[in-house]
Amino acid sequence: MALLDVSGISVSYGRVNALKDVSLQVKEGEIVTVLGANGAGKSTLLKAILGAVPLKSGGITFADRDVTRAQPHKRIAEGLVLVPEGRRILISLTVEENLKLGAHMRRDGTAIAGEMDAIYARFPNLAERRNMLASCLSGGEQQMLAIGRAMMAKPRLMMLDEPSLGLSPLFVQKLFELIVELNRDGLAVLLVEQNTGKALSVAHRATVLELGRVTMAGDPKTLADDPRLQAAYLGAGEATPA
Amino acid sequence: MRGSMLAQQIVNGLMLGAIYMLMAVAFTLAIGVLNFLNFSLPGLFMLGGMVAYGFIKFGWPTLFAFAAALAVAALVSLLVERFAYRPMQGGDPEVPLVSSLGFLVLLENLMLIYFGSDQQAFPALVPDLNLRLGGLVIGIAQLGSLALSVLLVLWLSWFLSSTSTGRCIRTVAENRDTAVLMGIDTGRLVPMLFIASALLAAVAGLLFAVNYQQVSPFMGEGVGFKGVAAMIVGGMGSIWGAVLGGLLIGLAEVLSISFIGADVVNITVYGLLLVILILRPQGLLGRPATREKL
Ligand SMILES: Nc1ncnc2c1ncn2[C@@H]1O[C@H](COP(=O)(O)OP(=O)(O)O)[C@@H](O)[C@H]1O
Ligand SMILES: [Mg+2]
């Protein structure tokens, strides 16, 4: 059974149907990427999986549990964690406080301290600035902090919403290396990206969203060569030959 | 002689200021974290004094009466959260302001029906022991109240800066949507904040009753108004600003009554606040526009 099983979910904001009957699975140890143009519904999908926007229909199971009606904090405690679009670092908190915030629902204090040290060892830039306000970090460092914060929640599945957005090529390279490394250590990843080339190169499976619907899903190598993927990004979604 | 008189008035001013300070901190919690100017707080201040008075008159032991007053204020605050604040989320921020004002009027009138509109004499609880330091006379009740207020605020400040729940509260203050994405259970945290601010207001009301030995259904209005003024002059959203603003207004009020005259007290106090705000529009400890609003 898959770690995450999203089956036929729909979400609407008022009259806007942002997701229509979307299904998706992530198995243990997998990197699955979700691609699609701006406004396709990618962020909505991740927020719906987290429980931060209500479903109109459909269901979600995580780690063999039906979480369809669970609040976000319950899902996060189970290890379903989001690195949100735009990083959403808390700028009135210090770097270290941002990391601790990631672990706020955990009660195993000693393990938390050890994991924080491991994160500092991985990101020496964060360690140097641990007592500074997070607003003093560069964009790349903020993305590392956002990922570090998510790691503090002890994730089993990490969802990342356009983590490469606005980063320099060097940081994009580092970011994808990090994702692969975390995945090799056993973390399942659901990766939303605009950087399709990079995302397809690290993913085990890929899903394409167009106007709230899944239009393609499968092997990333095959998808990378599919002309319909280019079409999806040009917004010519409806013209897909069957 | 004059020197000791000044010192005495400073002590009295700090006492009154401590009450304004607690009110200002209560308002600051509500506005800083929930973005809500909670006008029911003066009503909860009044409940602190009036409910304790009622139960003491009823024959309850003093400490039980105090505990009951705090519990009633906390419960009423949960009702404010449920019926004035929660249903208005996502709408105009002015709507809960007005409905919380409705709660204030409701509470005042309930007390008015039950106790009448007159000032009631709150019994002297602490034996009239005084500490004499040089020419200074400090009442035990006064000293205890000051110490309690300062400890409460110090504890709150430590709690916010150093505990996990404190970090969650500061996260909600900076960005409510981010807080949800971080798995903060706002459905639990927000009522907790309503209880915390209610307790601050009700403790202030209790201290007022004990120190000035009088209560009335409308005792919250003047103090509530000064609490809001203290919060603004201190810098909205800053706890230490609220502390500074509260103590400053208490001092200014007492000193201008004893050295200038009681009839001009509002002119001098609010004149001072106006001058401060002209010189520092963001308030004494406020930072200009730091809040992230998307
Ligand atoms: N809070 C919201 N209220 C109303 N409409 C929204 C909201 N968030 C997103 N939408 C709409 O839902 C659709 C999908 O948005 P989104 O999930 O952010 O797409 P993506 O992340 O793929 O760019 C868009 O049409 C967007 O305008
Ligand atoms: Mg998006």
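User: In what order do the strands of the open sheet of four strands in chain A run?

Analyst: In this predicted model, chain A has an open sheet of four strands whose pairing is antiparallel. Its edge strands are β2 (16–26) and β5, each of which pairs on one side only. The order of the strands is β2-β1-β4-β5.

User: Which residue in β2(A) stands opposite Leu4(A)?

Analyst: Strand β1 (residues 4–13) of chain A runs antiparallel to β2(A), and seven bridges join them. Within β2(A), the residue that stands opposite Leu4(A) is Val26(A).

User: What angle does the direction of α1(A) make with that of β1(A)?

Analyst: α1(A) packs on this four-stranded sheet, where it touches β1, β2 and β4 of chain A. The angle between the direction of α1(A) and that of β1(A) is about 115°.

User: Which are the edge strands of the open sheet of six strands in chain A?

Analyst: The six strands of this open sheet follow the order β6-β7-β8-β3-β9-β10 in chain A, with mixed pairing. An edge strand here pairs on one side only, and this holds for β6 (80–83) and β10 (213–218) of chain A.

User: Which residue is the bridge partner of Leu80(A) in β7(A)?

Analyst: β6(A) pairs with strand β7 (residues 157–161) of chain A in the parallel sense, over four bridges. In β7(A), the bridge partner of Leu80(A) is Leu157(A).

User: What angle does the direction of helix α6 of chain A make with that of β6(A)?

Analyst: Helix α1 (residues 42–50) of chain A packs on the six-stranded sheet, touching β3, β6, β7, β8 and β9 of chain A, and its direction makes about 150° with that of β7(A). Helix α6 (residues 139–151) of chain A also packs on this sheet, touching β6 and β7 of chain A. The angle between the direction of α6(A) and that of β6(A) is about 170°.

User: How much of the area that ligand 1 exposes when taken alone does the protein bury?

Analyst: An oxygen atom of ligand 1 lies 2.8 Å from a backbone N or O atom of Lys42(A), and an oxygen atom of the ligand is 2.8 Å from an N or O atom in the side chain of Ser43(A). A polar side-chain atom of Thr44(A) lies 2.5 Å from an oxygen atom of ligand 1. Taken alone, ligand 1 exposes 560 Å², and the part of this that the protein buries is 59%.

User: Which element gives the most residues to the shell around ligand 1?

Analyst: The residues around ligand 1 include Tyr13(A), Asn38(A), Gly41(A) and Lys42(A). By class, this shell has four nonpolar, five polar and one charged residues. The element that gives the most to the shell, with three residues, is α1(A).

User: Which residue in the turn of the hairpin of β2(B) and β3(B) has a positive phi?

Analyst: Strand β2 (residues 130–133) and strand β3 (residues 136–139) of chain B run antiparallel and are joined by four bridges, with Ile138(B) in β3(B) as the bridge partner of Leu131(B). The hairpin that these strands form has two residues between them. The residue in the turn with a positive phi, of about 60°, is Gly134(B).

Notes. Residues are numbered from 1 along each chain as its sequence is written. Chains are lettered from A and ligands numbered from 1 in the order in which they are written. This is a predicted model: local features need pLDDT of at least 70, side-chain atom pairs count only at pLDDT 80 or more; totals for chains, interfaces and linings use all residues. Side-chain values use heavy atoms; hydrogens and water are left out. Two strands pair if DSSP finds at least two bridges between them. Contact means heavy atoms within 4.5 Å. Axes are lines fitted to C-alpha atoms, for helices over the stretch in contact, and angles run from 0 to 180 degrees between N-to-C directions. A residue is near a molecule or strand if one of its heavy atoms lies within 4 Å of it. A polar contact is a pair of N or O atoms within 3.5 Å; within protein, one must be able to donate a hydrogen and the other to accept it, and residues adjacent in sequence count only if both atoms are side-chain atoms. Accessible areas come from the Shrake-Rupley method with a 1.4 Å probe; for residues, only the protein chains shown count as cover. Ala, Val, Leu, Ile, Met, Phe, Trp, Tyr, Cys and Pro count as nonpolar, Asp, Glu, Lys and Arg as charged, and the others, Gly among them, as polar.
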